[in-house]
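Please keep the coordinates at hand while reading.

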Amino acid sequence: MGSLFRSEEMALCQLFLQSEAAYACVSELGELGLVQFRDLNPDVNAFQRKFVNEVRRCDEMERKLRYLEKEIKKDGIPMLDTGESPEAPQPREMIDLEATFEKLENELREVNQNAEALKRNFLELTELKHILRKTQVFFDEQEGGLNHTTESMTRALITDEVRTAGASMGPVQLGFVAGVILREKLPAFERMLWRACRGNVFLRQAMIESPLEDPTNGDQVYKSVFIIFFQGDQLKTRVKKICEGFRATLYPCPEAPADRREMAMGVMTRIEDLNTVLGQTQDHRHRVLVAAAKNLKNWFVKVRKIKAIYHTLNLFNLDVTQKCLIAECWVPLLDIETIQLALRRGTERSGSSVPPILNRMQTFENPPTYNRTNKFTKAFQALIDAYGVASYREMNPAPYTIITFPFLFAVMFGDLGHGAIMALFGLWMIRKEKGLAAQKTDNEIWNIFFAGRYIIFLMGAFSMYTGLIYNDIFSKSLNIFGSHWHLSYNKSTVWNNNFLQLSPATSDYEGTPYPFGLDPIWQVATSNKIVFQNAYKMKISIIFGVLHMIFGVIMSWHNHTYFRNRLSLIYEFIPQLVFLLVLFFYMVLLMFIKWNRYEATNAFPMTEACAPSILITFIDMVLFKESKAPGKDCNVYMFWGQSFFQTVFVLIALACIPVMLLGKPIKIMQARKLANEEVQPITGGSSDAEVGGMSNGGGGGHHDEEEMSEIFIHQGIHTIEYVLGSVSHTASYLRLWALSLAHAQLAEVLWTMVLSLGLNKEGWLGGIFLTVVFAFWAVLTVGILVLMEGLSAFLHTLRLHWVEFQSKFYMGQGYAFAPFSFDSIIENGSAAAGETE
């Protein structure tokens, strides 16, 4: 549990493995996922490492598996996924896997080539069938009309000279070619024929109604049959070249009707035979793919594990004898025994008699940051890491964010109805998380929602609580405990009067607070409801903000004490906390004092108008300005000695600024001077942990390596940022009030402008109209108030944690612990171990 508040203690270890046991030991460590290996060969090219051939073999196996996967998906065959992760195969099993994949690939490629050839023949026969069928109309001589058409066509294609010269030679015979062409190319093809042949050809075309399958890619294409009549070999050559240029396919077409009928019968017979052979080929292909689909997922896992192991082994060094592999790795200190047990299991599996050796090394390097998480805390830790990974052993904001994040979100989003929608959606994802996690999807938005399911549920649940506090559900109020107001309004007054105001100073108010949340009567106070809620929400925003920032400063104390940064503790933490308390926490105390002492029904000596403004009081306090009474017979201050205490508080706050600005640099300068006088390193109370260390906690740098001018500049920037930031950060928490007001007003606008229109209609037409209006209102409510407003409140809450809260103690200058883990490699779909480091 301690690692939740701080990162795990890490140790740099040296690992000695026998060559024959290295593969099995690394496999066990990959299943464990607790070791981050370092590259001991940074200057060695990837192609010159020891196990590069094994990695290439794995790449080739992956290529073959991806080819199988593509073919399986093409046929829509479901792949069996049991959810289990098989162990990494032994090196000797690689040969069997390679042989299996080679056999499957060759068989599938051969089947595909045969199928493609058969489909190409089938396409040619189908096109020839359509040519014989469509062109029959051009050669049909049963009706005389076609004879006249042919004669007129002949006369059109023969010039006068040819006609005169051939009058004594009998009738002129026309040549022709027939074929098919893509339908979209036909207009350009016809224009090219006309221009190239100067109009001396006659083109007839007819569309093929059904699409044809392209054997190369399986696409459905639409084609047309054409026949071109011409005279002479010169035009024949020209026509064929144009057909070749447009990729038109020409087919032989006999002139005699009997020959055409005989060819058509032969074509139909061959098509039937091809259909039979194609069916058998597809059945065989389907059987091969179904058998491969049963094992494809497991094969992918095995190959990726083998590849990851050899990638990791390439990070190791060989000793002089070439019989031992040496590795360096970061491991969590608490898991060293678990890692040693995994190494023993790997040694036993390999049959080696030499046990592995794991030695802890001393180092001055910054270790990686490892925060142990579960499925609940993982999402909150991801929010923190998105800002920056914590420095080693720095205080982790994630466990506190589990409560503060949904709570501050709920202050802005407070609505019982909208919160219930969000909580139910989060609860549904939690209840169905196993099934939803098994459904892999590329939808990034859905993956983000599912990863943050616990955050969504908590935000919705907290919003339901704040919705009860605000007594707000879809812009309406719940009347649970009645009302503490007694008004003489009748129904017509409420419905017809657009400006109703509640005054606590009258006898309408009982004078006792409502048991829980806001009195529902404020819903009818159209005139001063917003004024009342603004004053209420504005003050609680400042209260929550100041408490949140004070908590952040207190968190820095844990960092300073853990890293023994006594200078930072004395000259940063204490003045920072005092500065925040005497100014802003005092302002919060004034709010509680004002709520306790002033009531609307107080007659003398103070009335509602006499209550001093906290904002004016705070401004006058900082400016050392005497406050003025707001009215006659009114007190300026809320308690005795307030002016004196305020002056003292401002003086203390001003005194804290030079302490933060100069205290730590002066002590460092004195320590360096003393060290130079003694000509030896400072020890004891002025060690590096005291002189060095980072401000506001963290890993701790060494100020001995910095120039004094840089230390003064750094401290000056830090002081100015804190002092000015305290003011701006306090004002920044007013976004809690602003977004809460905006959310409530948008909900009221939707109710007034949309849903109330349907509620005002009567009769059966009113019921139909209300159904339509309610559907429209529901869509707008979910789309705008839940999704868009929820996203806006989420981002503002994230900013309050990253900037206003974490800036008080969190540096986030570390780097994440990325262990060698099969789970993460398989989840990311990558077998490259270098990507997980």
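**Strand β10 and its partners**

Leucine 318 has leucine 325 of β10 as its bridge partner. This is a predicted model, in which local features need pLDDT of at least 70, side-chain atom pairs count only at pLDDT 80 or more, and totals for chains, interfaces and linings use all residues. Residues are numbered from 1 along each chain as its sequence is written, and side-chain values use heavy atoms, with hydrogens and water left out.

The bridge of leucine 318 belongs to the pairing of strand β9 (residues 317–318) with β10, which run antiparallel and are joined by two bridges. Here strands (E, at least two residues) and helices (H or I, at least four) are DSSP runs numbered from the N terminus, and two strands pair if DSSP finds at least two bridges between them. Five residues lie between the strands in the hairpin of β9 and β10, where glutamine 322 takes a positive phi near 60 degrees.

Strand β1 (residues 10–18) pairs with β10 in the antiparallel sense over nine bridges, and alanine 11 stands opposite valine 331. Strand β2 (residues 36–37) also runs antiparallel to β10, joined by two bridges; phenylalanine 37 stands opposite cysteine 329 there.

How many of the residues of strand β10 (residues 324–332) are buried? Nine of its nine residues are buried, where buried means under 20% relative accessible area with a 1.4 Å probe, computed on protein chains only. Both faces are covered: one side carries Cys324, Ile326, Glu328, Trp330 and Pro332, and the other Leu325, Ala327, Cys329 and Val331. For the whole protein chain of 837 residues, 44% count as buried.

The protein chain has 28 helices and 11 strands. The axes of helix α2 (residues 19–32) and helix α11 (residues 296–313) come within 10 Å and cross at roughly 110 degrees. Axes are lines fitted to C-alpha atoms, for helices over the stretch in contact, and angles run from 0 to 180 degrees between N-to-C directions. α2 and α11 are therefore roughly perpendicular to each other, a class that spans 65 to 115 degrees; angles under 35 count as roughly parallel, over 145 as roughly antiparallel, and the rest as oblique. Ala22, Tyr23, Val26, Ser27 and Glu31 of α2 make the contact with Lys305, Ile306, Ile309, Tyr310, Thr312 and Leu313 of α11, contact meaning heavy atoms within 4.5 Å.

Helix α15 (residues 416–431) and helix α27 (residues 763–805) pack with their axes 11 Å apart, at an angle of about 90 degrees. That angle makes α15 roughly perpendicular to α27. The contact involves His418, Ile421 and Met422 of α15, and Thr781, Leu785 and Val786 of α27.

Residues of their contact include Arg57, Met61 and Leu68 of α3 and Leu97, Phe101 and Leu108 of α4.

Among contacts in the protein chain between residues at least 6 apart in sequence, 81% join residues at least 24 apart.

How values were computed
Buried means under 20% relative accessible area, exposed over 50%, partly exposed in between (1.4 Å probe, protein chains only).
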